[in-house]
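Thank you all for coming. Before I start, please have the sequence and the model open side by side, and follow along as I go.

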Amino acid sequence: PYPGRAVTVSAVSGDWWTGITLVAVRLGSPASTPAIAIDSLRLRYASLLHVVRTRELGERYVTGLAVTSRQRANGQWDLLAPFAATDSATASDTTPGRPVTVSRFTVRRASLIAYARDDSARTGRSRPLRVSDLRVDARHARLGAAPEVRIDSLGAHVAFPDSAMPPLDVALAGDLIAGRLTLPRLTATAGGTRITAHGTLQLPDTAHHGLRDVDVVVDARPARFADLAPLVPALATRDSAIVHVEARGSSDSVRIRANVDLPRNGRITIGGTLTPRTTDVAAALDVQLRDVDPRVLFAKASQPGSVSGALEVNVRGPSLREASGTATLELAPTVRYGKWTARGVIARATVRRGVARIAVQGDMRPWRLAARATLAPFDSVRTYDARVRVLTIGTHPAALDTVTLAVALRGNRITFAARAAIGGGTARADGHWTLGTPIAWRVS
């Protein structure tokens with residue numbers, strides 16, 4: 001199935017009755033590195049006649065497996081392309097073939113190198129994903145239309161293409177029976193982060209295209225932010241957190257509960273239901289913040305502070321563009337950051353058919369803030385309208401009484417108008433800006 005590549009075997013030993021051993025198995029062309037190389041492949045069976053009649057192998061041992069695969073421009077991986085072609089050619093054939101069973105399957109010293117297709121936005125070839133020290137101990141493996149396997153242990157070391165990502169060491173045990181994946185133990189460590197997980201889920205099949213009967217628990221003790229920074233650049237790298245996540249439901253609707261314990265007694269609690277789809281959208285979330293110091297989470301936060309409050313979201317609709325619902329953010333009576341203190345900060349949003357109307361109010365002495373905005377972020381032509389009014393509480397050192405700002409975005413054109421009352425007088429500014437052109441404005 002691989003044009004220009006051939007399978008070679010250096011030595012064969014064994015007999016018809018107990019087993020066979022293949023040495024130095026190679027798939028590739030003579031002038032290139034083999035796509036698949038196996039130092040030793042040993043098969044054990046009752047007899048070769050028994051294998052032909054029952055399609056049952058007693059034991060399979062693979063030692064020194066090395067696989068190198070490259071992704072083509074169309075997204076297909078070269079080693080999987082023949083199987084994809086076979087699947088499409090036989091998609092109408094629903095007759096199940098006889099499965100092959102293996103009583104015990106052992107892999108030692110295996111590795112994988114995967115080269116993703118080139119990114120035209122960058123120069124040079126992308127770095128490969130490298131999986132090394134792959135070892136597997138499995139039994140009761142059944143290969144066919146409904147694969148099954150019991151994994152006593154599986155371990156591997158993974159090096160990511162992004163050199164900033166720390167290498168990952170994975171170890172797990174579990175089984176796949178009748179399409180149901182059960183993982184009693186999964187451990188992953190990367191840098192200073194250690195993750196453990198356990199749970200069950202039903203895999204997709206011909207009648208169901210998503211995951212079902214999900215019941216998964218994940219703990220990170222700790223989750224070191226420096227290890228996550230390559231994925232979330234805005235995240236601070238100094239600290240770490242203790243994370244506990246529970247997910248139950250399906251890929252259509254998942255119920256989540258999560259706790260994140262942060263340094264300096266901070267905590268984030270998340271609960272609710274999500275539909276991770278772009279159709280039939282539904283979200284009911286409750287997020288609680290307690291004594292969260294912004295410096296712990298955000299790389300650009302340099303001042304000490306404390307944020308407590310609650311966020312409630314209830315949104316439902318046939319799509320993001322047609323969704324309707326409400327959202328409320330209410331911060332604790334006092335929010336501190338550096339020398340700034342905010343009091344009574346409340347934000348409320350009403351969403352109707354994808355259009356959100358938001359109102360925000362709060363005090364940050366010497367100002368009192370009130371803002372209203374209308375957003376349509378999922379419309380084909382994005383529109384945003386915002387009006388902000390700032391009122392001085394007490395006496396402002398610059399004799400500033402009030403400031404009113406109105407901003408509107410239609411497509412790629414922004415218009416704005418500002419008015420300020422200063423020391424008994426009034427100042428105005430207005431203008432417009434088409435993205436990619438100079439700003440036109442005037443002051444009066």
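Let me begin with the naming of elements: helices (H or I, at least four residues) and strands (E, at least two) are DSSP runs, and they are numbered from the N terminus. What you are looking at is a predicted model, in which local features need pLDDT of at least 70 and side-chain atom pairs count only at pLDDT 80 or more, whereas totals for chains, interfaces and linings use all residues. Residues are numbered from 1 along each chain as its sequence is written, and side-chain values use heavy atoms, with hydrogens and water left out.

I will start with D227, which is found in helix α3, residues 225-228. Is D227 buried or exposed? For accessibility, buried means under 20% relative accessible area, exposed means over 50%, and partly exposed lies in between, using a 1.4 Å probe and protein chains only. D227 has 5% relative accessibility, and therefore it counts as buried. Its side chain makes a polar contact of 2.7 Å with the side chain of T193, and another, of 2.6 Å, with the side chain of R224. A polar contact here is a pair of N or O atoms within 3.5 Å; within protein, one must be able to donate a hydrogen and the other to accept it, and residues adjacent in sequence count only if both atoms are side-chain atoms. If we leave aside neighbours within four places in sequence, D227 is in contact (heavy atoms within 4.5 Å) with M165, P166, A190, G191, G192 and T193.

Let us turn to the nonpolar cores. A nonpolar core is a set of buried Ala, Val, Leu, Ile, Met, Phe, Trp, Tyr and Cys residues joined through side-chain atoms within 4.5 Å. As background, nonpolar side chains tend to be buried together in soluble globular proteins. The largest core in this model has 14 residues, and those with the most contacts inside it are I38, L41, Y45, L57, V62 and V107. Which strands supply at least two residues each to this core? They include β3 (36-44), β4 (56-70), β5 (100-115) and β6 (129-143). Looking at L41 in particular, and not counting residues up to four places away in sequence, we find that L41 touches I20, T21, L22, R60, Y61 and V62. Apart from this core lies another, of 13 residues, among them A220, F225, L235 and A241.

Next come the rings. Rings of Phe, Tyr and Trp (its six-membered ring) pair if their centres lie within 6.5 Å, and planes under 30 degrees apart count as stacked, over 60 as edge-to-face and the rest as tilted. By this rule there is one aromatic pair. It is formed by W340 and W367, which are stacked, at 6.3 Å centre to centre with 20° between the planes. W340 lies in strand β19 (residues 340-352) and W367 in strand β21 (residues 367-376), so the pair ties together parts that are 27 residues apart in sequence.

Now for charges. A salt bridge is a side-chain nitrogen of Lys or Arg within 4 Å of a carboxyl oxygen of Asp or Glu, and by this rule the model has 22 salt bridges. One of them joins R5 to D78, with the closest N and O atoms 3.6 Å apart. R5 lies in the segment before β1 (6-15) and D78 in the loop between β4 and α2 (81-89), so this pair ties together parts that are 73 residues apart in sequence. R5 is partly exposed at 32%, whereas D78, at 11%, counts as buried. R267 and D261 form a salt bridge as well, their closest N and O atoms being 2.6 Å apart. There is also a network, in which salt bridges that share partners join D215, E246, R248 and R257.

I will finish with the backbone. A cis peptide bond, with omega about 0°, joins R221 and P222, and P222 lies in strand β11. R264, in the loop between β13 (254-261) and β14 (267-274), is a residue other than glycine with a positive phi, near 60°. R353 is not a glycine either, yet its phi is positive, at about 50°; R353 sits in the loop between β19 and β20 (355-364), and with a relative accessible area of 55% it is exposed.
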